[in-house]
Amino acid sequence: MEPTTKLLSRLLPFATLLVSGAAWAGGTVAVAPLISKGANDMEISNVTSLITSELDFRPEYDGAQELDSRPGSLTASCLGNASCLSGIGRAVGAQYLVTGSLSTTTTQFTVELVLCDVGSGRIVRRQSFPMSAAPEAVAAGVSKAVFEIVTGKAPGQAAREEEEEISFDPSALVDDEFDFVGGAEVADWDPAQAAAEEAEAARRAAAARAEEDRRRLLAEEEARRAEAQRRAEEEARLRAAEQARMQAEAEARRRAEDEARRRAEDERRQADAAAARRRADEEAARAARQPAITDDFDPSMISFGSAAGQIQVDSAEDIQFGRPAAPVMERVVEDDFDFNALDEEEEVVAPSRPRNLDSLDSGPSSRKPAPRSAAPSRGSSSRSSSTRSSARVDKPASDSGGVTLALRAGYAPYQVFGYLSGGAELGLSVGGGVKLVLGASSYAVERDLPPGLQNGSPTEWNSIFPWNVGALYQLSDADLRPWLGADVSFALYYVNPAGQSSWTVGPRGRGGFDYYMSDNFGLTGSLALGYWQGKDWDLIQREVAESGMLTEVTAGVVLAF
């Protein structure tokens, strides 16, 4: 019995170690998705999955459970509140809760982990772990962070303490006088070698997990890059197709306008020709209705009534029918024209013509010429019926006519985008200083791309093509013409992979001026303040809201037709 007692006394340390190890198993641990501090959704998901995988291998817990989504109560302030974390753990039926936050830069990740004991309602440990952003470094760094947040010790320190605790000689378990295998002395088992082999096996398992995680992260990163490239190519194809469509529509509109102008010109020429034919027919009919006057006219056939004694006619040529021709006053306009001299001209009064030959009995006409107003004479000689005068007449201010074309370029900020703008606007005057306008523009901006979407360049130029329709009121018809107006601006700004389009639209108030340097050419400037609304702006850039103020300042030239 003595050898058996001695063996039990030597196995007692191992039994104690096994019992203490069994006491470590404290139930399940829940892992809530980390809070993002600059990290994207893919990075949050990958790091949370690595933490869950590492906890699942820890002997302290029966298993690890990763939550499908972050609870609504899990915020940055909740990370330091034990009651908030305990409530999340109790809601999922876990004895422990591990969560935290992830902040990123281009070269480094910082993982903050919090371990909460749900049963006691206290935060066991909270610590931050910086690590490289390389995929293989992230896998190794997460493994070290999980070990330290669970044990409270760095991996190297824990290994040294474990060696110090288990410092007895396992060979002492074998008594020289007691033999487990038939009395022969056991001398082949080397405890140090067995411990080394176990450590090597654990290291290889950890390395295999890290390599597997690294390959998975690399595959996901490659998939993200391929998806980003596919989206960029699809957007480029859609932009090219849209530009081709717009060019085709513009060409079709131009051809339709040319055809409409040609038809209108043909109709006008045909109408003029028809009117000329009608006038010629009317002149011919009028000439056919007039009686012919012959040379064998007999004056004795005319009766003058009681006025016959007062009228003597020697021949038929002395009698004229119709209204006598009025004297002709000739005026030649020269450079020395004097408008005041108009009052000095002789007033020519045509003699009154009787309505018929019988009215000759009534005697001379009682109509008198109107009195001539007195005017200062420019010379001592009287002015004859032919007056030579001169004048210089100033040309009135230029008028733009019915149609204008304004070509403008400028700057149009909208939220975080600073667009460079350029475009054309067609104006049609409808009278009373009111002009209807239709414009098309191009807005271009250079955007900073996130690291996951960069394809050789950190920036990319994006363009949209807004349209506007509205009305302007011109305050003056002088060479400098200020104006006010309003319009509606709209643009196609996003097309998803399924082909669904997203439009933005909003009103604008406008003000500006046109300064005409000639009849058909001038300079123009304008300021527009408006509002755009679109539900998918955040798909282009996360911090862009659905709506915001739109401002545009432009300058350019205006052509009048």
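Which residues do ring pairs link into a cluster? In this predicted model, the cluster consists of Tyr414, Phe417, Tyr419, Tyr443, Tyr493, Trp532 and Trp537. Residues are numbered from 1 along each chain as its sequence is written, and side-chain values use heavy atoms, with hydrogens and water left out. Because the model is predicted, local features need pLDDT of at least 70 and side-chain atom pairs count only at pLDDT 80 or more, while totals for chains, interfaces and linings use all residues.

A search of the whole structure gives nine aromatic pairs, where rings of Phe, Tyr and Trp (its six-membered ring) pair if their centres lie within 6.5 Å, and planes under 30 degrees apart count as stacked, over 60 as edge-to-face and the rest as tilted. The rings of tyrosine 414 and tryptophan 532 are edge-to-face, because their centres are 5.4 Å apart and their planes stand at 70°. Tyrosine 414 belongs to strand β9 (residues 403-414) and tryptophan 532 to strand β16 (residues 521-533), so this pair ties together parts that are 118 residues apart in sequence. Strands, like helices, are DSSP runs numbered from the N terminus (helices are H or I, at least four residues; strands are E, at least two). Tyrosine 414 and tryptophan 532 are both buried, a word that here stands for under 20% relative accessible area, with exposed over 50% and partly exposed in between (1.4 Å probe, protein chains only).

The rings of phenylalanine 417 and tryptophan 537 make a tilted pair, because their centres lie 6.1 Å apart with the planes at 45°. This pair also links distant parts of the chain, with phenylalanine 417 in strand β10 (residues 417-431) and tryptophan 537 in helix α7 (residues 537-540), 120 residues apart. Phenylalanine 417 and tryptophan 537 are both buried. An aromatic ring can also carry a charge above it, as with phenylalanine 57: the charged end of arginine 209 sits over this ring, 4.4 Å from its centre. For such a case, NZ of Lys or CZ of Arg must be within 6 Å of the ring centre and within 35 degrees of the ring normal.

Turning to charged pairs, the whole structure contains 34 salt bridges, each being a side-chain nitrogen of Lys or Arg within 4 Å of a carboxyl oxygen of Asp or Glu. Two examples come from helix α6. Arginine 214 and glutamate 211 meet through their side chains at 2.5 Å, N to O. These two residues are separated by about one helical turn, because they stand three residues apart in helix α6 (residues 191-289). Arginine 214 counts as partly exposed because its relative accessibility is 21%, and glutamate 211 is likewise partly exposed at 27%.

In the second example, arginine 268 bridges to glutamate 265, with the closest N and O atoms 2.3 Å apart. Both residues lie in helix α6, three residues apart, about one turn of the helix. Arginine 268 is partly exposed at 42% relative accessibility, and glutamate 265 is partly exposed at 31%.

What of a salt bridge between strands? Arginine 510 forms one with aspartate 487, the closest N and O atoms being 3.3 Å apart. Arginine 510 lies in strand β15 (residues 501-516) and aspartate 487 in strand β14 (residues 480-495), so the bridge ties together parts 23 residues apart in sequence. Arginine 510 and aspartate 487 are both buried. Elsewhere, salt bridges that share partners join Glu259, Arg262, Arg263, Glu265, Asp266, Arg268, Arg269 and Asp272 into one network.The structure holds one disulfide, a term for a pair of cysteine sulfur atoms within 2.5 Å. Cysteine 78 and cysteine 84 form this disulfide, with their sulfur atoms 1.9 Å apart. The disulfide is left-handed, because the torsion about its S-S bond is about -105°. Cysteine 78 is buried at 2% relative accessibility, and cysteine 84 is buried at 19%. Cysteine 116, in contrast, is in no disulfide, and the nearest cysteine sulfur, that of cysteine 78, is 8.8 Å away. Cysteine 116 is buried, with a relative accessible area of 0%.

Finally, serine 441 is placed in strand β11 (residues 434-448). Serine 441 counts as buried because its relative accessibility is 19%. Leaving aside residues up to four places away in sequence, serine 441 touches Gly422, Gly423, Ile464, Phe465 and Pro466, a contact being heavy atoms within 4.5 Å.
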